[in-house]
Amino acid sequence: MIASGQVLVNGTPALRGQQVTPGIDRVTVDGKSVEPVAESTYLMMNKPVGVLTSVGDNRGRQTVVDRLPAERPRVFPVGRLDLDSRGLVLLTDDGELAGRLMHPRYHVEKEYRVVVKGRPGEDALRRLSEGMLVRGERFEPADVQLLAGGDADTSLSMVLREGRKREVRRLWQALGHPVLDLQRVRIDGLRLGDLAEGSVRPLRSDEVARLKAAAGL
């Protein structure tokens with residue numbers, strides 16, 4: 001929108017990264033004034049498989065934002081949870097918090113319940129816990145705990161602190177154990193709990209405070 005000239009600051013086309021002072025500078029989008037958000041909104045969704053973690057899709061697929069109530073505030077998802085995965089997605093209009101939760105520098109924990117094909121051996125678990133190199137890309141160590149397993153598949157808990165694109169799936173694919181099911185159950189102290197699949201609820205004040213503390217705010 002900035003690049004297309006839709007955003008003006010005091011009547012002049014805005015620049016990327018330009019800073020403004022609320023109450024002094026006038027910001028407009030397509031001629032309509034824009035005011036800072038007075039109070040931020042924090043929502044948690046239990047995303048189903050087949051729903052995009054995005055605000056929109058040019059192919060017409062359903063997104064997490066589409067599943068919010070019609071009177072919803074203008075929020076966006078924090079980070080990504082791929083189309084074939086399910087579980088905890090945080091949505092907010094707090095850009096500073098979102099940016100920090102997604103940045104690897106802050107090492108915010110994300111916990112997943114993973115079901116992989118076959119039975120990983122001790123060497124696979126050791127490689128994950130020490131950090132892995134996959135096609136020239138270095139992945140930081142992950143905390144892995146075996147939950148249940150058999151010859152056909154194995155359930156595990158994984159805690160990551162980077163949040164790279166499709167990180168869990170790429171790691172297990174490289175180890176020869178493709179992911180059959182992937183559910184995010186926790187972001188730092190924010191837990192999915194018993195929230196029904198597809199449902200949304202606002203965060204409690206203590207949950208917001210915990211996330212901000214984890215992000216150094």
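Student: Which residue caps the N-terminal end of α1?
Tutor: That's aspartate 94. This is a predicted model, and in it a side-chain oxygen of aspartate 94 lies 3.4 Å from the backbone nitrogen of glutamate 96.

Student: OK, and which residues of α1 are buried?
Tutor: Leu97, Ala98 and Leu101, in a helix that spans residues 95–102. They cover an arc of only 100° around the axis, which puts them on the same side of α1.

Student: Why would residues with that kind of spacing point the same way?
Tutor: Because an α-helix has 3.6 residues a turn, residues three or four places apart point the same way.

Student: What covers the buried residues of α1?
Tutor: The cover includes the strands β5 (42–47), β6 (76–77), β7 (86–92) and β8 (110–117), along with α4 (205–214).

Student: Let's go to β8 then. How many of its residues are buried?
Tutor: 6 of the 8, so β8 is largely enclosed by the rest of the structure.

Student: Which strands does β8 pair with?
Tutor: β12 (residues 153–160) is one of them, antiparallel over 8 bridges. Lysine 117 has aspartate 153 as its bridge partner there. β8 also pairs with β13 (residues 179–187), again in the antiparallel sense, over 7 bridges. On that side, valine 116 is partnered with valine 179.

Student: Is lysine 110 with or without a salt bridge?
Tutor: Without one, although lysine 110 is buried. The nearest side chain of opposite charge is glutamate 167, and that is 8.3 Å away, whereas a salt bridge needs the nitrogen and the carboxyl oxygen within 4 Å.

Student: So what does the side chain of lysine 110 reach?
Tutor: Two backbone oxygens: that of leucine 101 at 2.9 Å and that of valine 108 at 3.4 Å.

Student: Switching topic: what order do the strands take in the open sheet with β1?
Tutor: β2-β1-β3-β4, 4 strands with antiparallel pairing. The edge strands are β2 (12–13) and β4 (32–33), each pairing on one side only.

Student: And how many bridges join β1 to β3?
Tutor: 3, with β1 (residues 7–9) running antiparallel to β3 (residues 27–29). One of the pairs there is valine 7 with valine 29.

How values were computed:
Residues numbered from 1 in each chain as written. Predicted model: local features only at pLDDT ≥ 70, side-chain atom pairs only at ≥ 80, totals over all residues. Heavy atoms only, no water. Buried < 20%, exposed > 50% of the residue type's maximum accessible area, 1.4 Å probe, protein only. Helix = DSSP H or I, 4+ residues; strand = E, 2+ residues; numbered from the N terminus. Arc of directions from axis to C-beta. Contact = heavy atoms within 4.5 Å. Polar contact = N/O pair within 3.5 Å; in protein donor to acceptor, adjacent residues only side chain to side chain. Pairing = 2+ DSSP bridges. Lys, Arg positive; Asp, Glu negative; His and termini not counted.
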